[in-house]
Amino acid sequence: MSRSLIDLLHTAPLAGLSDSPFRLINRKFGVKYVYSEMVSVEGLWRKHRNTTNLLKILEGDSPLIVQLFGSKPDSFSKAVSMIEDIDYISEININSGCPVRKVIRSGSGSALMQNPGLMANIVAETRKATKKKVSVKLRSGKDTDCINLLECAKICQNEGADVVIVHPRTAVQMFSGLSDWSLIKEVKEALKIPVIGNGDVLNLDDAERMLKETGCDGVMIGRALVGNPWFFTKEGKKINQIFLDTVLEHIALSKQFYGSDKGYKMMKKHLIYYAKNMDLPGVNRKSYYEDICNTGSIENEIEVVKSFFSPLINL
Ligand SMILES: Cc1cc2nc3c(=O)[nH]c(=O)nc-3n(C[C@H](O)[C@H](O)[C@H](O)COP(=O)(O)O)c2cc1C
């Protein structure tokens with residue numbers, strides 16, 4: 001991959017997936033802009049252990065862009081002030097795009113776009129509370145009758161955001177249909193600050209196409225990175241030694257980060273995706289999936305992985 005392309009890639013916040021082990025696997029391929037999963041501002045300033053744990057990192061997992069969600073400007077201010085002195089956090093990203101019902105019901109995520117005044121206050125309070133970079137991740141709007149992305153992006157810029165990220169689907173769409181890249185172009189043409197495009201980038205060719213078609217300053221990739229270390233290469237999705245070593249390293253990092261017990265459990269979904277994504281149509285994955293769900297220990301998990309993938313190397 002050309003030096004300049006990797007420098008423009010951002011790995012998306014993915015709740016339940018983009019933990020420190022996963023981020024380190026992505027960093028191995030040279031990605032520089034790496035995001036945490038979303039972290040609750042309420043949980044942070046109240047020091048809830050499960051929330052503050054989301055900020056922990058393994059060595060090498062920096063600089064980290066931390067994504068925060070919430071609906072109260074004051075809570076953003078308190079949470080951001082608390083993490084201001086953590087050196088490995090380089091940037092605060094405000095989640096204004098999450099369409100999940102539980103998040104919207106609390107007035108957070110994409111619900112902020114339905115209340116641009118509140119969004120403005122949150123960006124302004126965050127800006128005031130930190131010297132770090134501030135970015136905002138936006139969707140197109142609530143639904144096709146309310147596409148207010150441009151208005152919201154301008155508000156973010158006016159309130160001091162350094163970057164906006166655009167995932168041009170409506171909240172109602174969730175992840176269905178296709179993202180409308182023309183909206184990324186529209187925002188890019190209207191704003192002075194950098195605009196990062198996001199949505200349906202499945203490979204490096206798509207990333208280059210997004211840059212060219214929209215003029216955006218960077219490309220964020222989400223789902224296409226899960227169980228897919230091939231993303232960063234132009235080779236096909238074949239199993240080779242590098243692939244197997246990457247999967248085993250991912251398990252080892254998970255063990256290091258969570259301990260053996262939680263570590264193997266956290267790996268299950270990743271290990272299913274690693275097999276799902278490979279390009280070997282005749283291979284029966286069913287018993288592998290069952291085995292991964294029933295390993296019971298990290299040692300057994302490693303054995304299941306080795307005995308499934310090793311015979312497939314260089315097929
Ligand atoms: C399982 C999952 C979890 C996600 N978690 C978050 C999140 O915590 N914060 C966020 O802003 N977006 C989240 N997203 C949205 C992604 O960051 C991204 O915007 C979306 O998947 C579109 O990009 P893609 O087509 O490259 O996947 C999540 C998406 C998925 C599928």
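In the predicted model, helix α9 (residues 181-190) and helix α10 (residues 204-214) cross at roughly 50°, and their axes come within 9 Å. Helices here are DSSP runs of H or I with at least four residues, strands are runs of E with at least two, and both are numbered from the N terminus. Axes are lines fitted to C-alpha atoms, for helices over the stretch in contact, and angles run from 0 to 180 degrees between N-to-C directions. The pair α9 and α10 is therefore oblique; angles under 35 degrees count as roughly parallel, over 145 as roughly antiparallel, 65 to 115 as roughly perpendicular, and the rest as oblique. The crossing of α9 and α10 is right-handed, a term used if the near helix is turned clockwise from the far one by less than a right angle, with left-handed used if it is turned anticlockwise. On the α9 side, W181, I184, K185 and K188 meet M210, E213 and T214 of α10, where contact requires C-beta atoms, placed from the backbone, to lie within 7 Å. This contact of α9 with α10 comprises three nonpolar, one polar and three charged residues. In this classification, Ala, Val, Leu, Ile, Met, Phe, Trp, Tyr, Cys and Pro are nonpolar, Asp, Glu, Lys and Arg are charged, and the others, Gly among them, are polar.

Residues are numbered from 1 along each chain as its sequence is written. Because the model is predicted, local features need pLDDT of at least 70 and side-chain atom pairs count only at pLDDT 80 or more, whereas totals for chains, interfaces and linings use all residues.

Helix α7 (residues 116-129) packs with helix α8 (residues 149-158) at an angle of about 25°, the axes being 9 Å apart. Helices α7 and α8 are therefore roughly parallel, and their crossing is right-handed. P116, M119, A120 and V123 of α7 make the contact with E151, C152, I155 and C156 of α8. Seven nonpolar residues, no polar residues and one charged residue form the contact of α7 with α8.

Helix α11 (residues 241-258) and helix α14 (residues 298-309) have axes 11 Å apart and pack at about 170°; α11 and α14 are therefore roughly antiparallel. From α11, the residues L244, V247, L248, I251 and K255 take part, and from α14, I298, E301, I302, V305 and F309. The contact of α11 with α14 divides into eight nonpolar, no polar and two charged residues.

The chain is assigned domain 1 (3-228) and domain 2 (241-312), with bounds from an automatic or database domain assignment. Taken over C-alpha atoms, the centres of domain 1 and domain 2 are separated by 29 Å. Contacts link ten residues of domain 1 with 13 residues of domain 2. The side of domain 1 that touches domain 2 consists of six nonpolar, three polar and one charged residues.

Around the ligand there are 21 residues, of which A12, P13, M38, G222 and R223 come nearest; a residue is near a molecule or strand if its C-beta atom, placed from the backbone, lies within 6 Å of it. The shell around the ligand contains ten nonpolar, seven polar and four charged residues.

Two backbone features remain to be described. S62 and P63 are joined by a cis peptide bond with omega of about 0°, and P63 lies in the loop between α4 (49-52) and β3 (64-69). K47, a residue other than glycine, has a positive phi near 60°. The loop between α3 (41-45) and α4 holds K47.

Note on methods
Two residues are in contact if their C-beta atoms, placed from the backbone, lie within 7 Å.
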